[in-house]
Each structure stands twice: as C-alpha cells, then as structure tokens.
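Biologist: I would like a close look at a single part of this model. Please take it slowly, as I am new to reading structures.

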Amino acid sequence: MIAFNQIQAQVKEPSDEEKIKNQIIKDFKTFQITTNEEFSDFKIFVGKEKTIFYAHKVILNKRSFFFEEIFKQKPDLKEIEFPQIQPSIMENILIYIYKTEINFEEKDLIDFWAASFKFQLPILPNILEKQINQKINKENVIKIISLNQSVKSELIEESCLNFISNHPNDFLKDEKVFDFSENQMNKIKTNIKKQSERVIDAISLLDKWKDPKSNDDSIENLKENQKQIKEILDSENQKQEKNKDSLINENKLKKPFENSTIINDLEYMQKLKEWLDDDFYNRMKLGFSAKKDGFTSKDFHRLCDSKPALVVIKTTENYIFGGFTQTGWTYNKFYWHPYDRHYSGGCLCDSNPFLYTLKNPKNDPPQKFPLRKGEEQTALYYHISHGPFFGAGNDLFLHSDLQPGFTDLGYSYHLPKGLVVGSIEAQSYLAGSPDQWKVEELECYFL
C-alpha cells in the first residue's frame, strides 16, 4: 500500500511562475470594473444616459480583436461611445474581458450574444451561440435573425429560418419578414414546401410583394397581395387551431389506456368513451393486469372487488371483448360453504352494466350489449374461484386461473341481431367458440 506521505510527495507543488499567474488571476477576479477610475486610461460611454465604464487599453487590446483594431487605427484614443448598448450588457462584456467570467441575466442573453460578436471576444460568442440556438421561440426569432445580419452565424440563421418555416402562420403576416434578404426568403420558401398547398400559394405572393419591376400601381398591388396572404393564413390558422384541438382531444382519449397492452386503437377508445360515463372514462386507470398481477381469480378479486370496473379481455386469437359494472364484485353477503371452505357464490344486482366486443371472429364493428330488462338481479355473479363473471346464465366468465373461460351471450345480456339464445353462434360470437379459447391478457380499469 502507498502511505499518505508518499501520496503527498507525488503531488506536484506549483512552480513560482504558476503561483504568479494564479495571483494575477486572483487580483483581476476582485477588480471593480465599473467604479475603479484609478490608473484607468480609457473611458467607455454606453446607453442613452452615457453610463461611464473605466478601462485599460492594454487589457482591451489583448482581449478584444475589436479594440485591438481600433487602437491600431487611433493609438491616442481615450474614450469611445456605444449609445445602442445597455449598461448591464457592457458591464458583463467587461467582466468577461477582465475576469473570463460569463455573467448575465436570462433576459439579456440575445443582446449579450450580439455584443460578444461586436467586440470579437475569444470563445464567448460560440458558447452563447449554442445557448441562443436552444432558446429560439416565437417572441424572439425576428430579433435574433435581425441581429444575425451583422453577426452572420450560419447556425443561428439556419435555426431561425427553419423555425419560421415551421410556423409560417405566425410570421408571414408580419411586415418585418419582408426586410429579409432574397436568399433568406428563398430558404423559407424552400423549407415551407412541407406545409399545406394553401400556405405555398401565400408564399408565392411574396414574389410579387418584393418585385422591383412593379408598375405605378405597385403600392395598391402590394396591399392587395398582403390582404390575400392574410386571408389565406387566417384560414390556415383556423385549421391549425382545429388540429390543435383534435390533438388535445386525442391525447385525452388515449390517457386512460396509456399503460394498456390491449387497447391501442383510437376507434376502440372512442367507442368505450361513448359507452362509459365521461367522468369514469376520464378518471379511470389501469388497476389490474393479469400478466403483471397474476393469472388467478384470487389476484383478480384482491385488486378489483367492490368498485366500478371496466374489464378488457384479449385472447390468443387477438379477439377483444369484456364488460362494465357499476357496482363491482363483492362476497360480503354470501354464506360459508362447508365443502369448499370459502364463501360460496351468488348473484349481484347492477342497474346498468354491459358487455361489449371490439374485435370479434365475424369482423363486425364494435358494439355494446346492454343488460336485458328485468335481469338486474342477475347482472353479475360472485365466486372467489371465478374471475370476472357477467350474468347468471354464463354470458361471460373466467375460471380460477382466468384461463380459459366461457361465453354464452343472450341470457342476462342482449344478443347481436339475428342470433338465437343458446345457439353455437351466440356462444362463439365473442371469442370464436364457447370455451376453446385462451386469455392472452386481462386488464381491469377503475377509479
């Protein structure tokens, strides 16, 4: 093992030269830029109020290519004025020049970036350019691309033009867009081809807007063209709003089934939403999955009893069906059976349950099978050794291992039109046979 004193011996002490450099850096770190007039030989006035910053030509010369060039041309220059630069921006520029520290408020990022290019500071423009590129939005993109006319950053220009191309309706009615260069407009028109034909028509009118060969009536023509553009893009805005609403509704439709491995078809979701109460649909969540929680009736009853529930079954043949109960299954009122040593089963009342099919052997469209009138007392059946059980006549139930089950529509629940109660067609309608089918997955949804 290496002793601690050996490790210390291996640590190289800084040389005298390095100590001096470190001290110089430390001294500059504590330097007060805005108030230290002592020994300064250069003044910088910024903003409308002409705020004064005291600086040192030798430092400005070595840290800024802009000042280096200025001092070459005018060696005796003692002051300079920048009325368009805010004091907070100039202060942060000088902090970087003197201390290599990057210090600015989020709201000043764009102006700080432009100033870093103006003063041609080492490294800083590239650092800020990457930050700017991540923060382009509807509120600042026009300002950024305007500033970039002098900065000429290819990365920023490409990002801004792509952003405008992807949001044409927000910008093409803004007359500032028409100040863009011909090359920029051509890039926008090229990028925007991914948009609808109506927007492309609007873009084509921009050529007339900027046509230098317009006749004496050019002003009126331009106004008319702008009016056409606005009309077209207003129409597109309405379409976008509809698409936005549609997307919101679609996401809302998908939310209850975000963790489902069975329900991933929007048509199926829409049908279930029509059949269920809105409040239940919007609030329900996946509460039981046989694959995850166990393929036994005890697992099912442990998690799903005594609550309104939507049952979804998928077979190995890819048929999807199930049922809904408002009351849920409960064993509280059943008697103790001396033979099988558990509470025996019995019927449960439910006023408005239903069975349904989403995908069936006959390729019929999704449909709902309500409870038959007068069958409220036999809507459900409870037994600890059975899974979900609908109807006293075995309309739909699963065995203790949730596998297989039995279907016989028409006793407590309505049949599809044209089928007869007790027929093989009625028994096979949901899963392809009465009992020769297997469950691939069983999901149960509740609040």
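At what angle do helix 6 and helix 8 pack, and how far apart are their axes? Please go on from there to the rest of the surroundings of helix 6.

Modeller: A word of caution comes before the details: this is a predicted model. Helix 6 covers residues 109-118, and helix 8 covers residues 141-151. The two pack at an angle of about 5 degrees, with their axes 10 Å apart. Angles under 35 degrees count as roughly parallel, so helix 6 is roughly parallel to helix 8. On the side of helix 6, the residues that meet helix 8 are Ile110, Asp111, Trp113, Ala114 and Phe117. Their partners in helix 8 are Lys143, Ile144, Leu147, Asn148 and Val151. Sorted by class, the residues of this contact are seven nonpolar, one polar and two charged.

Helix 7 is the next neighbour to consider. This helix, residues 124-134, packs with helix 6 at an angle of about 150 degrees, and the axes are 9 Å apart. An angle over 145 degrees counts as roughly antiparallel, and therefore helix 6 is roughly antiparallel to helix 7. The crossing of helix 6 past helix 7 is left-handed. Helix 6 brings Leu109, Ile110, Phe112, Trp113, Ser116 and Phe117 to this contact. Helix 7 brings Leu124, Pro125, Leu128, Glu129, Gln131 and Ile132. Nine residues of the contact between helix 6 and helix 7 are nonpolar, two are polar and one is charged. Ile110, Trp113 and Phe117 are among the residues of helix 6 that touch helix 7, and they are also among those that meet helix 8.

The loop between helix 6 and helix 7 holds Gln120. Phi of Gln120 is near 50 degrees, which is a positive value in a residue other than glycine.

Helix 5, residues 87-99, also packs with helix 6, at an angle of about 55 degrees and with the axes 10 Å apart. These two helices are therefore oblique to each other. Helix 5 passes helix 6 in a right-handed crossing. Ile89, Asn92 and Ile93 of helix 5 make the contact with Asp111, Phe112, Ala115 and Ser116 of helix 6. By class, the residues of this contact are four nonpolar, two polar and one charged. Phe112 and Ser116, which take part here, also belong to the contact with helix 7.

The largest pocket of the model has a volume of about 320 Å³, and 14 residues line it. Helix 6 and helix 8 are the elements that give two or more residues to this lining. Helix 6 gives the most, with five residues. Lying nearest the centre of the pocket are Ile85, Ala114, Ala115, Lys118 and Leu147. Of these, Ala114 also meets helix 8, and Leu147 is one of the residues on the helix 8 side of that contact. Ala115 is part of the contact with helix 5.

Note on methods
Residues numbered from 1 in each chain as written. Predicted model: local features only at pLDDT ≥ 70, side-chain atom pairs only at ≥ 80, totals over all residues. Heavy atoms only, no water. 1 Å grid on protein atoms, 1.4 Å probe; cavity = no way out; pocket = protein on both sides within 12 Å on 5 of 7 lines; lining within 4 Å. Points joined across faces, edges and corners; volume = space filled by probe spheres on them. Helix = DSSP H or I, 4+ residues; strand = E, 2+ residues; numbered from the N terminus. Axes fitted to C-alpha atoms, helices over the stretch in contact; angles between N-to-C directions. Parallel < 35°, antiparallel > 145°, perpendicular 65-115°, else oblique. Left-handed = near helix turned anticlockwise from the far one by under 90°. Contact = heavy atoms within 4.5 Å. Nonpolar A, V, L, I, M, F, W, Y, C, P; charged D, E, K, R; others polar.
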